[in-house]
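This report is written for a reader who meets the structure for the first time. Please keep the sequence and the model at hand while reading.

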Amino acid sequence: MRVVSGIQPTGNLHLGNYLGAIRNWVRMQDEITGAQAAEGGSAEKNGAQAAAGGGAEKNEALFFLADLHAISMPHDPAQLHQGTLEMAAALVACGIDPERSILFNQAQVPQHAELQWLLNGTARMGWLNRMTQWKDKAGKNREGASVALFAYPVLQAADVLLYQATHVPVGEDQKQHLELARDIAQKFNHDFASEDAPVFTLPDPIVPPDAARIMSLRDGTKKMSKSDPSDMSRINLADDPDEVMKKVKKAKTDPEPLPSERKGLEDRAEALNLVTIYAALTDSSVDAVLEEHGGQGFGHFKPLLGEALVETLRPISARFTQLLEDREALDAILARGAAQARERAVATLDATYDALGLVRG
Ligand code: TYM
């Protein structure tokens, strides 16, 4: 198993990122490296073994800050720099362990951009034109959108194909990009490799069954997002308990009590969202939560939800604040992760150049 995933370091880490993706990153990291850690293994050791050709192939997890993706939209360089360090701290605070996973930012691993260029020959304009994120972000002003925004999914394909990723834990909104990565890999293998010696592994998106889409607290039809201008629409992982309770109290709902079955939440997007969040936080399911709390109003349910959120976030935000104080330690984590990632990127990149017939001394 090779688990690979990324997050853009723009804005704060919010509850949608956490329940939709990061929590799964941590679970998968723990699952695949738990046994190795018990045997005294680490990402570094595994890499050394692989390079020496020793032992069976090891499970590995690579998580990165997609800073190269972040320049596809207008941005402030100083904020991107600070945001990258803060997101690294947030991921560690959530449980990504740089001793067991490889944590880095794309800009320190030039092979991502290099592979993207090689894949641009395989990706098709028509495929990219169909991407919903491109349509949403470019809006009516396609002529004014950056080339990077259009080619964004090709870089995302490079991110995972570079490491022969098998599993990519993401929220629902990234599934289409992952399907495109599979299409690119398949076409490249077909055009430039033989069936029994493919250059790229086809990655599987892993989407959580119950928390795939966490919606805005102000509008249950829009996903919770860093780019929403209203901070009341999202819970940030660094929000303090008072802020969390206030946001939950003010979250949009309807006057009806909770139903005792899921069917009763059809056409009640805000109510469904709050129940989904509560179910995810308490490791339960929407059905089980409704069975227990059906018939109760939001005056009863919202304080429960607020408390569950505060309890989940308390240790994360304490650790986050502490990590941010040691800037040098963060720089060192990213530098080490990038060195490990560069090592693992070489073989696939070489195979890609060769398959394309590019001469390189
Ligand atoms: P990004 O930075 O928008 O989000 C990071 C992860 O959080 C998930 N997510 C959500 N899940 C549920 N509900 C929500 N409201 C919500 N908002 C965000 C996203 O699905 C994602 O898993 N293009 C990617 C970053 C990326 C990447 C990659 C991901 C670059 N290269 C390679 C996987 C593999 C992005 O912008 O995610």
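In which helix is the place of Gln-29? Gln-29 belongs to helix α1, where helices (H or I, at least four residues) and strands (E, at least two) are DSSP runs numbered from the N terminus. The model is a predicted one, in which local features need pLDDT of at least 70, side-chain atom pairs count only at pLDDT 80 or more, and totals for chains, interfaces and linings use all residues. Residues are numbered from 1 along each chain as its sequence is written, and side-chain values use heavy atoms, with hydrogens and water left out.

With a relative accessibility of 0%, Gln-29 counts as buried; the term means under 20% relative accessible area, while exposed means over 50% and partly exposed lies in between (1.4 Å probe, protein chains only). The side chain of Gln-29 is joined to that of Ser-101 by a polar contact of 2.7 Å. A polar contact is a pair of N or O atoms within 3.5 Å; within protein, one must be able to donate a hydrogen and the other to accept it, and residues adjacent in sequence count only if both atoms are side-chain atoms.

Tyr-18 is also placed in helix α1, and its relative accessibility of 9% makes it buried.

**Aromatic pairs**

Rings of Phe, Tyr and Trp (its six-membered ring) pair if their centres lie within 6.5 Å; planes under 30 degrees apart count as stacked, over 60 as edge-to-face and the rest as tilted. By this rule there are eight aromatic pairs. One of them is formed by Trp-25 and Phe-63, which are stacked at 4.7 Å centre to centre with 5° between the planes. Trp-25 lies in helix α1 (residues 15-38) and Phe-63 in strand β2 (residues 60-65), so this pair ties together parts that are 38 residues apart in sequence. Trp-25 is buried at 1% relative accessibility, and Phe-63 is buried with a relative accessible area of 0%.

Phe-188 and Phe-192 form a tilted pair, with 5.0 Å centre to centre and 55° between the planes. These two residues are four apart in helix α9 (residues 175-192), and are therefore separated by about one helical turn. Phe-188 is buried, at 0% relative accessible area, whereas Phe-192 is partly exposed, at 36%.

Ring pairs also join Phe-64, Phe-104 and Tyr-163 into a cluster. Elsewhere, Arg-360 lies over the face of Tyr-353 at 3.7 Å from the ring centre; a charge sits over a ring if NZ of Lys or CZ of Arg is within 6 Å of the ring centre and within 35 degrees of the ring normal.

**The ligand and its surroundings**

How many residues surround the ligand? There are 28, and the closest are Gln-8, Tyr-152, Asp-159, Asp-173 and Ile-214; a residue is counted if one of its heavy atoms lies within 4 Å of the molecule.

| Residue and part | Ligand atom | Distance |
|---|---|---|
| Tyr-152, side chain | nitrogen | 2.6 Å |
| Asp-173, side chain | oxygen | 2.4 Å |
| Ile-214, backbone | nitrogen | 2.7 Å |

The protein covers 96% of the 710 Å² of accessible area that the ligand has on its own, with areas computed by the Shrake-Rupley method and a 1.4 Å probe. Elements that give two or more residues to the shell are β1 (2-7), α1 and α8 (147-161).

By class, the shell has twelve nonpolar, eleven polar and five charged residues. Here Ala, Val, Leu, Ile, Met, Phe, Trp, Tyr, Cys and Pro count as nonpolar, Asp, Glu, Lys and Arg as charged, and the others, Gly among them, as polar.

**Two loop residues**

Asp-267 has a positive phi of about 65° although it is not a glycine. Asp-267 sits in the loop between α10 (241-250) and α11 (269-281), and is exposed at 83% relative accessibility. Asp-283, another residue other than glycine, has a positive phi near 55°. The loop between α11 and α12 (286-293) contains Asp-283, which is exposed at 58% relative accessibility.
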